[in-house]
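Colleague: I have the sequence and the model open side by side. Could you take me through the main points?

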Amino acid sequence: QVHLARECRPPSGICWDPHGDAMSESECTNCQVVDTVTAFVIIGMTAVFVSLFYLANAKSRELRRYTWNIIETTISIVAAIMVSETGKDVFYLMVANECNKSNSSSLTLVVINLTYALSCTSVMQYVSYRMAYVTGTDLSNGLSRRLIITKAFSGTIARFCGFSWITFWASLQTGNFFNEQEATEKSTFFFLWILIVPLLALIAWMLLMRLFFQIRKVIIHRDGIVDDEEREWDSLTKKNEVDSAGLCVSFLLSQVIRFYVGQVIPLPTGVEYAPGDGRRAGVKHEAWQIVVLFLCAVIAKVLGTVADTMGPAWSGQIQENTLRHWLVHQFALLQANLLHKEAGWLLLFTTTWTINRSALMSMLRAPSGGHKGSFEPDSVQVRAVTATLCSYIAFGSILLLERCLPVEKQGGPVPKGLLASLAMMVGFAWRRCFGMSIDSITRDWGKLVFSSFDTVKAELLLEIIIGSIMALTLLPALVWYITPTTMIAEAACAQTRRSILEARRSTLVTCEAPRNEVEMVEHLTQPRDVPSC
């Protein structure tokens, strides 16, 4: 049997297709490259899951809290894009089935995207209202159902709305300019236009927030009584609006920064192709451009931390219940929110630029789009490698935070803001990976599964099915397990920090603060007449 197996083995260096025919040398090379990269991806993703197991069950409470926060944010972002893309595809089938969804420069599609974004904004307002009136206690963990639902779904519904507005504004920002010749002919206009669009988006969001604020004000005060649920509704909706606007404007700003630093026009989806004769060639940015993009992320992080600290002071100097107070307060919140998210976007694209410049991309130099010498810079494998690397960057960063900062400072604005940006980076990376995975499946299998429909409808239907299954899988896990676990971890860490601060103010601890819970117990159990250090 071994002899027969050896005799039947294909000759070395020859690849065979499913029909048993020998492939050409270039096709064989492509096959080997895909196999090698897929092997790296499988090993890397397995390592990520195993690392998550260790981090989520670490002895350090702070490390567990950091890990669960990253997991919660990542799952929320992926679930949000699944719901957003599914809703958009349903919307396309209902009102724009004759419109090719890939033609992002179409005026008809821009109008459709605007209508869909406004619909998503209305959905966010309604869901925020319903969440504020949830009552009861979760019997499995004893936590308030309103707290669980709010923490699990408020970020998800805000991102769901934000992604819909990204689709609209990004198509306006660069949708008509991915042709290098058109952008060159209108270079002056484009240099101004790519800057104006984020400003227009910011103004539009402020107007929308003010409009819905006035509507809520009329509804809340119609009976002359403001109860706790109505206060919660107003507060929750404001938070969701700021979160959604921050996501949208931060992506548009990242497009601007990447264009000015990298000198390449990004597509509305965020992908970059090198200028040329229409070939889908990748961009290999210079080392100094990668460093500048990383420095921009650092600057955005610092400015976001400053805005977090100074924002309440700015709005507190103005008389309350005035239009000026509302504008300053909302703008300060939005500024801090979008800067933290901006750091996450820029860290993600810094990682992407680094991978595109690395030796890994030389393995992918296979013909792309029928052009010899060019390669596909934005494949599922590349995005999976990027997401894996971003995950390990986040893991390393939270390990450093846990080791370098005292326990009582772990909940401060600096680690809190850094954790938010790291979680956004990881979430955006995996969101892009899953998004392209679904696009690849629907592109190749849509017509096979729904042969009676045309190509566009078949792809939309299959994308709706896959997106719905993923959303229905992720959302229950988020609300039943991930969010309650994150809340418990945060509460335990907050209690530890409070105990340490109280002990520092007492006569029991007079020197350096304990590094962990064990040291805290040792300090608290010392006899009073024994020096504590």
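Modeller: We can go through salt bridges, helix packing, individual residues and the surface in turn. This is a predicted model, in which local features need pLDDT of at least 70, side-chain atom pairs count only at pLDDT 80 or more, and totals for chains, interfaces and linings use all residues. Residues are numbered from 1 along each chain as its sequence is written, and side-chain values use heavy atoms, with hydrogens and water left out.

Colleague: How many salt bridges are there, and what counts as one?

Modeller: A salt bridge is a side-chain nitrogen of Lys or Arg within 4 Å of a carboxyl oxygen of Asp or Glu. By this rule there are 12 salt bridges.

Colleague: Which residue meets Glu 72 in a salt bridge?

Modeller: Lys 151 does, with 3.5 Å from N to O. Glu 72 is in helix α3 (residues 61-95) and Lys 151 in helix α5 (residues 145-173), so the pair ties together parts that are 79 residues apart in sequence. Helices here are DSSP runs of H or I with at least four residues, numbered from the N terminus.

Colleague: Are those two side chains buried or exposed?

Modeller: Buried means under 20% relative accessible area, exposed means over 50%, and partly exposed lies in between, using a 1.4 Å probe and protein chains only. Glu 72 is buried at 7%, while Lys 151 is partly exposed at 29%.

Colleague: What else does Lys 151 meet in a salt bridge?

Modeller: Its side chain also meets that of Glu 490, at 3.8 Å from N to O. This pair links distant parts of the chain, since Lys 151 is in helix α5 and Glu 490 is in helix α14 (residues 455-505), 339 residues apart. Glu 490 has 25% relative accessibility and therefore counts as partly exposed.

Colleague: And which residue pairs with Glu 402?

Modeller: Glu 402 forms a salt bridge with Arg 403, at 3.6 Å from N to O. Glu 402 is buried, with a relative accessible area of 15%, whereas Arg 403 counts as exposed at 63%.

Colleague: On to packing. At what angle do α10 and α13 pack?

Modeller: Two packed helices are described by the angle between their axes and the distance between the axes. Helix α10 (residues 323-357) and helix α13 (residues 413-449) pack at about 50 degrees, with their axes 8 Å apart. That makes α10 oblique to α13, and the crossing is right-handed.

Colleague: How are those terms set?

Modeller: Axes are lines fitted to C-alpha atoms, for helices over the stretch in contact, and angles run from 0 to 180 degrees between N-to-C directions. Angles under 35 degrees count as roughly parallel, over 145 as roughly antiparallel, 65 to 115 as roughly perpendicular and the rest as oblique. A crossing is left-handed if the near helix is turned anticlockwise from the far one by less than a right angle, and right-handed if clockwise.

Colleague: How does α12 run relative to α13?

Modeller: The axes of helix α12 (residues 380-404) and α13 come within 9 Å and cross at roughly 165 degrees. The two are therefore roughly antiparallel, and α12 passes α13 in a left-handed crossing.

Colleague: What about α3 and α4?

Modeller: Their axes come within 11 Å and cross at roughly 125 degrees. That makes α3 oblique to α4, in a right-handed crossing.

Colleague: Where is Thr 121, and is it buried or exposed?

Modeller: Thr 121 is in helix α4 (residues 107-132). Thr 121 is buried, with a relative accessible area of 2%. Its C-alpha atom is separated by 8.7 Å from that of Ala 158, 37 residues apart along the chain.

Colleague: Which helix holds Met 206?

Modeller: Met 206 is in helix α7 (residues 187-220) and counts as buried at 13% relative accessibility. The C-alpha atoms of Met 206 and Leu 327 are separated by 8.1 Å, although these residues are 121 apart along the chain.

Colleague: Where does Gln 263 lie?

Modeller: Gln 263 lies in the loop between α8 (228-262) and α9. Its phi is near 60 degrees, a positive value in a residue other than glycine.
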